[in-house]
Amino acid sequence: MPLSLSRYWANISDTILTGEFRQWKEGQLKATLHGPGDTVFHAWGEATSVTFKGGTWMLEYGRGFIPSTLPFALSDTLFSTQDFATMYNTFRIYTKAIIQEFSVHLSDLNVVIQDMFS
């Protein structure tokens, strides 16, 4: 059973598709059990501990400073599964997306600067 303890600079929501997901919020000793169809929200800066059974599938959505989630997200790959091909592909795709996002902001900034001086 994977176990995680995290505090991100992003809001994360997990929608359980199949399986079972248990969550312990900071300061609580009793877990909340979530099943298929439930959405679990992890607020920015909140610390929770979670565990889920094998065969659990969930859709995760994050909004905020996503790079703060990468060290934890990839630590399992590095220290447990050692699936370096997947880690490489994750970094490759993420880097490409960051460059595309940055180029959009640069072009927007360029338009603003041109408008200021024209």
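**Exercise 1.** Which residue forms a salt bridge with R22, and how many Å apart are the closest N and O atoms?

*Solution.* Step 1: R22 pairs with E20, and their closest N and O atoms are 3.6 Å apart. A salt bridge here is a side-chain nitrogen of Lys or Arg within 4 Å of a carboxyl oxygen of Asp or Glu. Side chains of opposite charge can pair when their charged atoms come close.

Step 2: R22 has a relative accessible area of 33%, so R22 is partly exposed. The classes are buried for under 20% relative accessible area, exposed for over 50%, and partly exposed in between, with a 1.4 Å probe and protein chains only.

The model is predicted: local features need pLDDT of at least 70, side-chain atom pairs count only at pLDDT 80 or more, and totals for chains, interfaces and linings use all residues. Residues are numbered from 1 along each chain as its sequence is written, and side-chain values use heavy atoms, with hydrogens and water left out.

**Exercise 2.** Find where K53 and E20 lie in the chain, and state how their side chains meet.

*Solution.* Step 1: The side chains of K53 and E20 form a salt bridge of 3.7 Å, N to O. Step 2: K53 is in the loop between β6 (47-52) and β7, while E20 is in the loop between β2 and β3 (21-25); the two are 33 residues apart, and the pair links distant parts of the chain. Strands are DSSP runs of E with at least two residues, helices are runs of H or I with at least four residues, and both are numbered from the N terminus. Step 3: K53 is partly exposed, at a relative accessible area of 46%.

**Exercise 3.** How many salt bridges does the structure hold, and which residues do shared partners join into one network?

*Solution.* Step 1: The structure holds 3 salt bridges. Step 2: One of them is between E46 and K25, with the closest N and O atoms 3.4 Å apart. E46 lies in the loop between β5 and β6 and K25 in strand β3, so this pair ties together parts that are 21 residues apart in sequence. Step 3: E46 counts as partly exposed at 22% relative accessibility, and K25 counts as partly exposed at 31%. Step 4: Salt bridges that share partners join E20, R22 and K53 into one network.

**Exercise 4.** What is the strand order of the open sheet of 3 strands?

*Solution.* Step 1: The order is β5-β2-β7, with antiparallel pairing. Two strands pair if DSSP finds at least two bridges between them. Step 2: β5 (39-42) and β7 (57-64) stand at the edges with a single partner strand each, so one side of each has no neighbour in the sheet. Step 3: Strand β2 (residues 10-18) pairs with β5 over 4 bridges in the antiparallel sense, and S13 stands opposite F41 in β5.

**Exercise 5.** How many helices and strands does the chain have, and what is its radius of gyration?

*Solution.* Step 1: There are 2 helices and 7 strands, and from the N terminus on they run β-β-β-β-β-β-β-α-α. Step 2: The radius of gyration is 18 Å, well over the 13 Å that the globule rule gives for 118 residues, so the chain is more spread out than a compact globule. This radius is taken over C-alpha atoms, and the rule is 2.2 Å times the number of residues to the power 0.38. Step 3: Along its principal axes the C-alpha trace spans about 60 × 30 × 25 Å. Step 4: Buried residues make up 22% of the 118 residues.
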